[in-house]
Amino acid sequence: MTGNGATPILSLKGVNTHYGAAHILKDVDIDIYSGEMVCLLGGNASGKTTTLKTMLGYLKPSAGAVYMDGENVNGWSTAQRVGHGLTMVPENRRLFKRMTVRENLEIGAYLREGQTLDDDYERVFEMFPRVKERLTQKAGTLSGGEQQMVAMGRALMAQPKVLLMDEPSMGLAPVLVAQNFEIIKQINDAGVTVFVVEQNANMALSIADRGYVLQTGKIVLSDTSQALMANPQMRAAYLGDV
Ligand SMILES: Nc1ncnc2c1ncn2[C@@H]1O[C@H](COP(=O)(O)OP(=O)(O)OP(=O)(O)O)[C@@H](O)[C@H]1O
Ligand SMILES: [Mg+2]
């Protein structure tokens, strides 16, 4: 699936980003191939969310470029990238709290106005039966775990080819973290390419094919999940070894 001359479905090449004078991402190279689940690990403020924002076009690189299916998309708007199959589940879910669960799901499909969404709803309900039970409830009154389900459901409504997820396990109880990753795995098994940002390195590496490690804006390690789990540098810094 990787290498062999295949064109990555999404990649960053030599990407640098700035917030004003602050230089955040430094020559970041990432390749994600169709069908893979890849994780991006790193501590607080290492630039993980900045990487996702750059992929989606909320931030423009000061040098380097984002590619989708081999095409330089630096000039594309976020909506164009979403239209081309890129979707994000943001940090802290970011639901519209005063809107109902159904309205939040509908927003996920906003670029497909006029098309029937029945099949999309069915797919989301199949994966998250709980969401179906709560369609008329205001999103802000859901539990954290339920909000995460709605955030994932909303992203699936866009029929993504590549799903970007920013710390899906943040703030969830351990049992929900495991369930959450099980669902991410199912989404990936259904053919959606997944790029997941996590501080929970053990959990992420247990399901991802490969991982990248970001440290103060630079990729310092990249390998298969198995190799990263066995890497002493990795174990000491991120996997809880002393
Ligand atoms: N809008 C902004 N303006 C200025 N600096 C910013 C802005 N957003 C982020 N930064 C800075 O960029 C750096 C990287 O932030 P980023 O949000 O990408 O980190 P992160 O790896 O996602 O961290 P966390 O795990 O805490 O979410 C941080 O030092 C942060 O303060
Ligand atoms: Mg972040």
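This is a predicted model: local features need pLDDT of at least 70, side-chain atom pairs count only at pLDDT 80 or more; totals for chains, interfaces and linings use all residues.
The shell of residues around ligand 1 divides into 4 nonpolar, 7 polar and 1 charged. Around the ligand stand Tyr19, Ala22, Ile24, Gly42, Asn44, Ala45, Ser46, Gly47, Lys48, Thr49, Thr50 and Gln199. Two elements, E2 and H1, each give two or more residues to this shell. The most is given by H1, which contributes 3 residues.

Both of these elements take part in a further arrangement. Helix H1, residues 48–56, lies across E1, E2 and strand E4 (63–68), and runs at about 115 degrees to E1. The strands belong to an open sheet of 4 strands, ordered E2-E1-E4-E5 and paired in the antiparallel sense. At the edges of the sheet are strand E2 (22–32) and strand E5 (71–72), each of which pairs on one side only. Between strand E1 (residues 10–19) and E2, the antiparallel pairing extends over 7 bridges. Leu10 is placed opposite Ile32 of E2.

A contact between two helices was also examined. Packed helices are described in general by the angle between their axes and the distance between those axes. For helix H3 (residues 101–108) and helix H6 (residues 144–156), the axes come within 6 Å and cross at roughly 35 degrees. This crossing is right-handed. On the H3 side, the contact is formed by Val101, Asn104, Leu105, Ile107 and Gly108, which meet Val150, Gly153, Arg154 and Ala155 of H6. The residues of this contact comprise 5 nonpolar, 3 polar and 1 charged.

Technical notes
Residues are numbered from 1 along each chain as its sequence is written. Chains are lettered from A and ligands numbered from 1 in the order in which they are written. Axes are lines fitted to C-alpha atoms, for helices over the stretch in contact, and angles run from 0 to 180 degrees between N-to-C directions. A crossing is left-handed if the near helix is turned anticlockwise from the far one by less than a right angle, and right-handed if clockwise. Two residues are in contact if their C-beta atoms, placed from the backbone, lie within 7 Å. Ala, Val, Leu, Ile, Met, Phe, Trp, Tyr, Cys and Pro count as nonpolar, Asp, Glu, Lys and Arg as charged, and the others, Gly among them, as polar. Two strands pair if DSSP finds at least two bridges between them. A residue is near a molecule or strand if its C-beta atom, placed from the backbone, lies within 6 Å of it.
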